[in-house]
Amino acid sequence: MNVPNENKQGWYLVKSYDGISSLKSFLSEEIRFSEQYIDRKEHINYLEEYLEQLHASMMVIEKRYVDQGFLDDHAEYYIRCFHPYDKFCIRIHFFRELTQTDFDFKSIFNQEAERRREIHHKLDECYLGFIVIKPIPDVFLGRTCLKTYADKVDNSKDERFYISKKTNVCLFGFDLTILSIPFQEQDLIISRCATSALWSTFHKTSEVFQHWIPSPIDITRFATEKTSYRGRLIPNRGLTIEQISCAIREIGLEPHLFDIKDNDLMTTFDVKGPIYAYLKADIPVLMGVLLFKGKVDKKNFEGHHAITITGFRTTNTYQEDDISGFLQESSSIIKLYAHDDQIGPYARMEFQNGAFSTTWFKGTGIAVPTSIIVPVDKLIRISYKDVIGAIRDFDIIFEALVRPKLQKVLSAINYEIDFRDKLRWDIYLAKVGDLKREILNNISIDPERKHDILVSNMPKFLWVAKACSSDYEVFTILIDATDFPDGHLVLDFIEHVSYITNDALRELIKNDQVSNWLNEGYSASKRIFDWMKEQFNS
């Protein structure tokens with residue numbers, strides 16, 4: 001339908017991106033936001049650095065964009081306000097390596113099909129993502145999907161790991177794609193930080209576990225309608241852990257909850273371990289934190305906050321757990337990346353003295369973690385807590401009774417795996433298809449053994465506990481994630497250095513001292529030893 005008295009060419013703009021000043025200028029001139037107000041936004045400062053890292057060069061601005069998420073919120077709340085809030089948003093697309101001449105759409109639309117395909121490919125290749133600007137004051141940053149940083153870190157052995165999903169974007173008939181997790185600023189009316197964190201989380205879990213994606217207003221309603229919530233539903237003033245769990249259950253998932261001890265904040269068990277284990281399965285992790293400005297004390301306490309952990313950065317050094325001496329692959333994490341609704345997507349958080357340094361309060365923010373909540377399929381009945389307890393106890397017994405002997409024997413023959421270092425455990429959740437693809441490509445498994453594993457029936461979800469020595473895989477324990485905590489637990493035991501580990505493990509299960517260890521507080525690993533006795537003695 002034609003809209004009278006409207007210049008449709010004026011429905012979009014093409015502008016060079018010459019740093020954040022270009023975006024600020026548009027916001028102040030076209031949307032009438034004051035420069036002082038824009039400068040106060042932490043998001044703007046964050047986007048300045050982020051877009052610079054992505055080498056953004058051009059903006060294409062849709063001035064009358066219908067965002068389905070905001071349309072739902074508008075119909076639920078804003079349309080009933082006396083002030084006539086607009087239902088249309090603005091969507092700003094960012095590109096790299098392109099110039100103004102690459103966006104002459106009148107000419108592009110009339111090109112031959114082959115030439116349009118070339119232009120389409122170029123646009124898609126240079127696409128960095130988009131930001132939606134909502135027509136409401138204070139919290140205007142709507143649905144945002146921006147490309148992640150590169151996996152490799154320049155001039156470093158560090159690596160970045162992100163979870164993302166393929167987002168399809170249609171720009172004037174051209175289909176563009178980007179790998180990202182949607183982000184948006186908390187609404188203050190429809191939602192608070194926990195709602196925004198859940199909204200980002202559900203965009204990814206919908207892909208992993210096949211469920212529908214609720215809007216912020218739906219999430220707020222799910223969280224509060226079955227709990228004792230005394231305030232108004234809308235405007236909403238924040239969600240508790242119980243309410244977050246209710247929202248997760250309403251879409252058919254189940255929350256795995258971890259409380260973080262005040263006196264043991266940064267151990268791999270409490271923070272790094274579960275974050276690594278679930279993110280490796282492409283599952284986002286919700287984390288509750290206490291926010292402080294400058295220093296962790298009552299005077300500087302700013303409030304409770306919830307974020308979505310969407311990635312991490314690792315280095316090539318590992319650190320033993322201070323309490324148990326347990327060594328995990330996850331201990332190499334030095335930074336987290338989070339969708340923080342008050343900062344931006346994939347915002348950096350660095351470990352610092354039992355907490356995290358953040359970009360809150362112009363870089364002086366400190367976040368102290370209090371809880372971790374992970375939404376998972378209802379079939380995943382075994383949580384990270386169940387797995388880590390069993391593997392940690394097994395490791396202690398292995399270190400005491402087996403590794404010293406292996407080290408002595410293998411050092412004498414100068415074998416490449418000498419077990420001089422402690423076992424390092426790589427523990428993560430996996431889908432059966434992903435695990436079998438990993439096993440198929442693993443050259444350290446005996447061919448006949450590999451055949452038997454790949455053709456065998458397995459549950460849909462498994463926990464993988466891979467024991468490594470230096471850079472070598474030694475053996476892997478597969479745990480049935482669909483079992484119950486008091487069930488059989490162990491599904492299989494894969495030997496990577498079979499002629500060494502078979503003899504060592506058989507010797508271990510015959511050792512009379514194992515029973516003593518199990519009776520002296522290390523009973524969590526009993527089902528692993530029970531399975532080994534049954535299999536190795538058969």
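Trainee: How many residues in the lining of the largest cavity are nonpolar, polar and charged?

Mentor: This is a predicted model, in which local features need pLDDT of at least 70, side-chain atom pairs count only at pLDDT 80 or more, and totals for chains, interfaces and linings use all residues. Residues are numbered from 1 along each chain as its sequence is written, while side-chain values use heavy atoms, without hydrogens or water. A cavity is a set of points on a 1 Å grid over the protein atoms alone where a 1.4 Å probe fits but cannot get out, and lining residues have an atom within 4 Å of a point. With Ala, Val, Leu, Ile, Met, Phe, Trp, Tyr, Cys and Pro as nonpolar, Asp, Glu, Lys and Arg as charged, and the others, Gly among them, as polar, the lining divides into seven nonpolar, three polar and two charged residues.

Trainee: Which helix gives the most to the lining of the largest cavity?

Mentor: Helices (DSSP runs of H or I, at least four residues) and strands (runs of E, at least two) are numbered from the N terminus. Strand 17 (461-469) and strand 18 (472-480) are among the elements that each supply at least two residues to this lining, which includes Val 464 and Leu 478. The largest contribution, three residues, comes from helix 14.

Trainee: What is the volume of the second largest pocket?

Mentor: A pocket is an open set of grid points with protein on both sides within 12 Å along at least five of seven lines. This one is lined by 18 residues, with Gln 53, Tyr 149, Ala 150, Asp 154 and Arg 160 nearest its centre, and nine of the lining residues are charged. Taking volume as the space filled by probe spheres set on grid points joined across faces, edges and corners, the pocket comes to about 390 Å³.

Trainee: What relative accessible area does Asp 341 have?

Mentor: Asp 341 lies in the loop between strand 12 and strand 13 (344-352). Its contacts (heavy atoms within 4.5 Å), not counting residues up to four places away in sequence, include His 43, Phe 183 and His 305. Because buried means under 20% relative accessible area (1.4 Å probe, protein chains only), Asp 341 counts as buried at 3%.

Trainee: Which residue is joined to Asp 341 by a polar contact of 2.9 Å between side chains?

Mentor: A polar contact is a pair of N or O atoms within 3.5 Å, one able to donate a hydrogen and the other to accept it; residues adjacent in sequence count only if both atoms are side-chain atoms. The pair at 2.9 Å joins side chains, and the partner of Asp 341 is Gln 342.

Trainee: Which residues does Asp 67 contact, leaving aside neighbours within four places in sequence?

Mentor: Asp 67 is in the loop between strand 2 and helix 4 (68-76). Asp 67 is buried, with a relative accessible area of 6%. Its contacts beyond those neighbours are Cys 89, Val 132 and Arg 143.

Trainee: What is the mean pLDDT of the protein chain?

Mentor: pLDDT is the predictor's confidence in each residue, from 0 to 100. In the chain, 88% of the residues reach 70 or more, although pLDDT stays under 50 over residues 230-236. The mean is 85.

Key
Buried < 20%, exposed > 50% of the residue type's maximum accessible area, 1.4 Å probe, protein only.
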